[in-house]
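Open your viewer and get ready to click along. We will go from stop to stop, selecting one part at a time.

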Amino acid sequence: MVEPVHLSGTTLEGGGQLLRIAIGVSALTRLPIHITDIRGNRSGGGGLKLQHLTAIKWLANASSATSTGAVVKSRTLDFRPSLEHDCSKSLSSDIDVGSPGSVGLVLQAILPFVLFSGCQQGSIHITIKGGTNVSMSPSIDYIQQVLLPTLSRIGLPPITAALNHRGWSTGRTEMGSVTFTITPLGNGARLPGFNLSSRGSIKHIQATVLAPRSCEKQARDLLAAALGQQFPHLDVDITFEDSKHSKRLYLLLVATSGNGYKLARDWLYSGKSTSPNDAVPRLISQVVSELAAEIEHGGCVDEYMRDQLVVFQALAQGKSVVDGGRADGKSVEPSLHAKTAQWVVDMLLGVEFDGSGWCKGIGLSAGEDYAKRKDGDESVTRLIDTLHV
Ligand SMILES: Nc1ncnc2c1ncn2[C@@H]1O[C@H](COP(=O)(O)OP(=O)(O)OP(=O)(O)O)[C@@H](O)[C@H]1O
């Protein structure tokens with residue numbers, strides 16, 4: 001029996017990202033994993049929440065894995081995908097988180113498998129029910145405006161996300177639903193190494209405001225003034241959608257460069273205020289200043305996008321570069337989330353990253369039996385060691 005790779009859940013960020021990247025890569029490569037102290041750096045005892053469990057169950061089914069510890073609040077998970085390449089399960093499915101847990105984070109966990117498993121040809125539709133606007137996670141607006149265009153830019157087949165219904169973690173909690181249409185890589189295809197560099201100057205800013213209708217004029221006026229002051233000479237577009245609840249306030253700002261790169265900042269307002277009109281000025285000033293800092297570093301991706309790209313750098317063929325910008329004369333450090341993802345792919349695939357954002361990926365071909373390749377590589381290493389003795 002292949003020994004599972006042991007991952008301590010308190011490493012670096014010590015949250016859900018570690019688990020999602022680990023189960024996604026494990027299901028895809030069929031390398032078994034054993035995770036302890038899951039979300040061990042989080043308050044409230046850590047352990048699995050519904051969002052994590054939903055991803056585990058989907059991936060366990062898709063990769064015919066056996067799992068132990070896949071229950072809410074569990075702090076230990078043993079996940080062993082089938083050693084046989086089994087493509088009998090349809091990947092088109094409806095996934096229900098069962099709470100307004102983030103749709104985007106379930107997508108984050110399953111996407112590498114959907115794209116690289118080689119199990120299905122042609123487009124597939126996956127509807128995920130859960131939260132579309134949830135704090136500390138990619139919103140549906142970020143997914144549509146930043147994540148998916150960037151994944152397409154690195155060479156992955158186009159993915160679309162159709163919003164059926166918004167789901168919120170603020171105000172009255174409400175379940176939402178998004179249908180993703182994904183065309184997996186054809187059997188045997190690889191993602192070539194990619195190079196995200198030479199951003200070029202920023203040309204355009206798109207603002208997306210979700211707030212009660214009573215805030216529309218105030219938000220438009222304040223945004224136009226704040227963006228005009230911070231970014232004179234840039235084209236600005238503002239779209240407004242009625243969030244229909246006084247506690248649902250969200251702003252996303254997306255800057256697009258001359259070379260087509262997209263950098264963003266957003267905030268699902270979580271501060272205390274007596275009325276939404278009191279919150280709007282704070283929301284706008286914070287997101288505008290955070291976007292200015294993202295633009296200032298000159299890199300091609302924002303902090304969150306850099307987190308999402310790690311797993312694709314690891315799977316791509318050869319060298320991939322992601323320019324995360326420079327500050328104080330040195331490369332901007334990846335976030336703790338990105339460092340955690342880097343640690344996980346290094347533990348499983350032996351892929352190391354340098355501080356300036358590049359790594360040499362394994363060049364996984366869709367449908368490849370990677371566990372066998374790794375076993376072969378290790379046998380060769382053992383043989384060389386023996387011959388040297
Ligand atoms: N505003 C944002 N826009 C886009 N992506 C975001 C944003 N905030 C967080 N993320 C992404 O969401 C993920 C959050 O990972 P994290 O481990 O904190 O998640 P979690 O499962 O909610 O776990 P935990 O509850 O343990 O924090 C990271 O990939 C991060 O890049």
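Start by selecting helix H7 (residues 303-315) and helix H8 (residues 336-349), whose axes come within 8 Å and cross at roughly 15°. Helices (H or I, at least four residues) and strands (E, at least two) are DSSP runs, numbered from the N terminus. Axes are lines fitted to C-alpha atoms, for helices over the stretch in contact, and angles run from 0 to 180 degrees between N-to-C directions. That crossing angle makes H7 roughly parallel to H8; angles under 35 degrees count as roughly parallel, over 145 as roughly antiparallel, 65 to 115 as roughly perpendicular and the rest as oblique.

Before you move on, a word about what is on your screen. This is a predicted model, in which local features need pLDDT of at least 70 and side-chain atom pairs count only at pLDDT 80 or more, while totals for chains, interfaces and linings use all residues. Residues are numbered from 1 along each chain as its sequence is written.

Now show the side chains between the two helices. Arg306, Asp307, Val310, Val311 and Ala314 of H7 meet His337, Ala338, Ala341, Gln342, Val345 and Leu349 of H8 (two residues are in contact if their C-beta atoms, placed from the backbone, lie within 7 Å). Sorted by class, this contact of H7 with H8 holds seven nonpolar, two polar and two charged residues. Here Ala, Val, Leu, Ile, Met, Phe, Trp, Tyr, Cys and Pro count as nonpolar, Asp, Glu, Lys and Arg as charged, and the others, Gly among them, as polar.

Next, select the ligand. Which residues come nearest to the ligand? Of the 15 residues around the ligand, they are Gly15, Gly16, Gln17, Tyr304 and Asp307; a residue is near a molecule if its C-beta atom, placed from the backbone, lies within 6 Å of it. Helix H1 (16-29) and H7 are the elements that give two or more residues to this shell. By class, the shell has five nonpolar, five polar and five charged residues.

Follow H1 to helix H2 (residues 50-62): the two pack at an angle of about 5°, with their axes 10 Å apart. H1 is therefore roughly parallel to H2. On the H1 side, look for Gly16, Leu19, Arg20, Ile23, Gly24 and Ala27, which meet His52, Ala55, Ile56, Leu59 and Ala62 in H2.

Zoom out and colour by domain. The domain assignment, automatic or from a database, gives domain 1 (5-195 + 301-372) and domain 2 (200-296). Their centres, taken over C-alpha atoms, are 28 Å apart. Domain 1 gives 15 residues to the contact and domain 2 gives 17 residues.

For the last stop, select helix H5 (residues 216-230) and helix H6 (residues 276-296), with axes that come within 10 Å and cross at roughly 25°. H5 and H6 are therefore roughly parallel to each other. Among the residues making this contact are Leu222 and Leu223 of H5 and Ile284 and Val288 of H6. The contact of H5 with H6 has ten nonpolar, four polar and no charged residues.
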